[in-house]
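Okay, thanks for having me, everyone. Let me put something up on the screen, and then I'll walk you through it.

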Amino acid sequence: MSNLTPEQTADTLKYLYRGGRIGKAKHLVGSMLNIKPIISMKDGIIVSLGQARTRQRVYKMIVDRIEETIGGSGKFKIAYVHAAAAEEAEKLKELVETRLSPAESLIAELSPALGVHTGPGTVGVCYYPMIE
């Protein structure tokens, strides 16, 4: 399933710093400005896709990216994932499904292997376009 696109945002940069995913300077500045990153995985490497100062703005950016990725067909499947943030996952789901209509969706806890690097409050999506 090479078309699977994961994207998530962490509530705090603390765990990304502790796990060695970001440097000390980025952690300090980002924490002072209350930055919420959007991260993904490409070819097995964690990459930054952007950032914003509020969760709502990050969620909007994620929805924009989903819409851009699925293109004209609009048919896709999606999973909303979270680490101790079920209410936030519901907010993201509502925002996505107000603009887009997934063929299938579910909400699940983020795996501990990923959650340990992003910490509690992490919310994200994994989605892929359906090819007919």
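A couple of ground rules. This is a predicted model, so to speak of local features I need pLDDT of at least 70, and side-chain atom pairs count only at pLDDT 80 or more, while totals for chains, interfaces and linings use all residues. Residues are numbered from 1 along each chain as its sequence is written, and side-chain values use heavy atoms, with hydrogens and water left out.

Starting at the N terminus, the order is β-α-α-β-β-α-β-α-β-α-β. Of the 132 residues, 38% are buried. By buried I mean under 20% relative accessible area, exposed is over 50%, and partly exposed is in between, with a 1.4 Å probe and protein chains only. Take the contacts between residues at least 6 apart in sequence: 70% of them join residues at least 24 apart. A contact here is heavy atoms within 4.5 Å.

Now to helix H4, residues 86–99. H4 has 14 residues and runs 20 Å from first C-alpha to last, close to the 20 Å expected at 1.5 Å a residue. That expected span is 1.5 Å times one less than the number of residues.

So which residues of H4 are buried? They are Glu88, Ala89, Leu92 and Val96. These four cover an arc of only 100° around the axis, which puts them on the same side of H4. The arc is taken from the directions from the helix axis to the C-beta atoms. In general, an α-helix has 3.6 residues a turn, so residues three or four places apart point the same way. Over on the other side of H4, Glu87, Glu94 and Thr98 are exposed. Glu90, also in H4, is partly exposed, because its relative accessible area is 44%.

What do the buried residues of H4 pack against? Their partners are helix H3 (55–70) and the strands E4 (76–82), E5 (104–109) and E6 (123–129).

Let's take H3. Its 16 residues should span 22 Å at 1.5 Å a residue, and the end C-alpha atoms are 23 Å apart, which agrees. Its buried residues include Arg55, Tyr59, Met61 and Ile66. After H3 comes Gly71, with a positive phi near 65°.

On to the strands. E4 and E5 pair in the parallel sense over six bridges; to count as a pair, two strands need at least two DSSP bridges between them. One example is Ala79, whose bridge partner in E5 is Leu106. E4 and E6, on the other hand, pair in the antiparallel sense over seven bridges, and Lys77 has Tyr128 as its bridge partner in E6. E6 is mostly covered, with five of its seven residues buried.

One last stop: the loop between E4 and H4, where we find Ala84. Ala84 counts as exposed because its relative accessibility is 64%. Its phi is near 55°, a positive value in a residue other than glycine.

Conventions:
Helix = DSSP H or I, 4+ residues; strand = E, 2+ residues; numbered from the N terminus.
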